[in-house]
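Please consider the model shown below together with its sequence. The paragraphs after it lead from the chain as a whole to individual contacts.

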Amino acid sequence: MLPRSPASLRSLRCARTFSSSRSAAAAAEGKIVASVVFERLPVVIPKIHPVVYAFQEFSFRWRQQYRRKYPDDVLGKAEARGKGDYQIDYVPAPRITEADKANDRKSLQRALDNKLYLLLYGKTFGAPDGKPVWHFPEKVYENEDTLRLCAESALKSVLGGLDNTYFVGNAPMAHMVAEQTENSSVSPFKRFFFKSQVIGTTKLDVGKCEDHVWVTKDELLEYFPEHKALFDKMIIHIR
């Protein structure tokens, strides 16, 4: 084994000093919480906005005025191509499900043309007086190698595994600083939000909470009216 050079020893000592000072600074600033915005993507194509539909109709009629006219014999051959004795009876599935009719927010089989977000009801870090509140799956950062691993651990503890999940990127999508309130003895802390998505399933067993819901973007603001400005930037404007 080759001996270390003085330069490498100096860089190693500097790295250790930086790591120690960074840990001390993090402890002085307060705790860090990794929160997971767990979403189910739309299952069916959303309905077209009336303004967009009107523009598409106008654009189609405008193009029809200046389209190239082909000879009748060419059009006849095109219409005859692909015809056969078979016939397919296609009946689309209903867009409104039984969960929609019953307003069952615990079901993933609702609001098929919208994104759904998982919210948990229970005790979490920073809650006033330690009372249960609505929150995203989250965990206080301890000694994980990365903050994303901390976020994965938070979601895994709720679902029992990560088989039907996909984390979008390694970096958080947003963060917020939670200030100390009169009803809370918790020091100010930072909450970092990671995005994750449901894949390959229509049912998930959610545990380790008193209750849970799958809500749309508009319904989400009913649970966090005080954070409307943040979620407007973080979720509402992200497609």
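The account begins with the overall fold, then turns to one helix, the salt bridges, the aromatic pairs and a surface patch.

The model is predicted, so local features need pLDDT of at least 70 and side-chain atom pairs count only at pLDDT 80 or more, while totals for chains, interfaces and linings use all residues. Residues are numbered from 1 along each chain as its sequence is written, and side-chain values use heavy atoms, with hydrogens and water left out.

The protein chain contains seven helices and eight strands. Helices (H or I, at least four residues) and strands (E, at least two) are DSSP runs, numbered from the N terminus. Of the 239 residues, 30% count as buried; buried means under 20% relative accessible area, exposed over 50%, and partly exposed in between, with a 1.4 Å probe and protein chains only. The accessible surface of the chain comes to about 16800 Å², and 55% of this surface belongs to carbon and sulfur atoms. Such areas come from the Shrake-Rupley method with a 1.4 Å probe, and for residues only the protein chains shown count as cover.

After helix 5 comes G160, with a positive phi near 85°.

The partners are R148 and E152, whose closest N and O atoms are 2.8 Å apart. Both lie in helix 5, four residues apart, about one turn of the helix. R148 is partly exposed, with a relative accessible area of 21%, whereas E152 counts as buried at 17%.

In total, the count comes to 12 salt bridges. One of them joins R191 to E138, with the closest N and O atoms 2.9 Å apart. This pair links distant parts of the chain, as R191 is in strand 7 and E138 in strand 4, 53 residues apart. Both R191 and E138 are buried. Another salt bridge is formed by K139 and E144, whose closest N and O atoms are 2.7 Å apart. K139 counts as buried at 18% relative accessibility, and E144 is buried at 15%. Elsewhere, R105, R110, E219 and E222 are linked in a network of salt bridges.

The aromatic residues form a further set of interactions. Rings of Phe, Tyr and Trp (its six-membered ring) pair if their centres lie within 6.5 Å; planes under 30 degrees apart count as stacked, over 60 as edge-to-face and the rest as tilted. A search of the whole structure finds 11 aromatic pairs. F38 and W214 make a tilted pair, at 5.8 Å centre to centre and with 50° between the planes. Because F38 lies in strand 1 and W214 in strand 8 (residues 211-215), the pair ties together parts that are 176 residues apart in sequence. F38 is buried, at a relative accessible area of 0%, and W214 is buried at 1%.

An edge-to-face pair is formed by F125 and F189, at 4.9 Å centre to centre and 70° between the planes. F125 lies in the loop between strand 2 and strand 3 (133-135) and F189 in strand 7, so this pair ties together parts that are 64 residues apart in sequence. F125 is partly exposed, with a relative accessible area of 24%, whereas F189 is buried, at 6%. Ring pairs also link F136, F193, F224 and F231 into a cluster.

F55 is found in helix 2 (residues 50-65) and counts as exposed at 55% relative accessibility.

Notes. A salt bridge is a side-chain nitrogen of Lys or Arg within 4 Å of a carboxyl oxygen of Asp or Glu.
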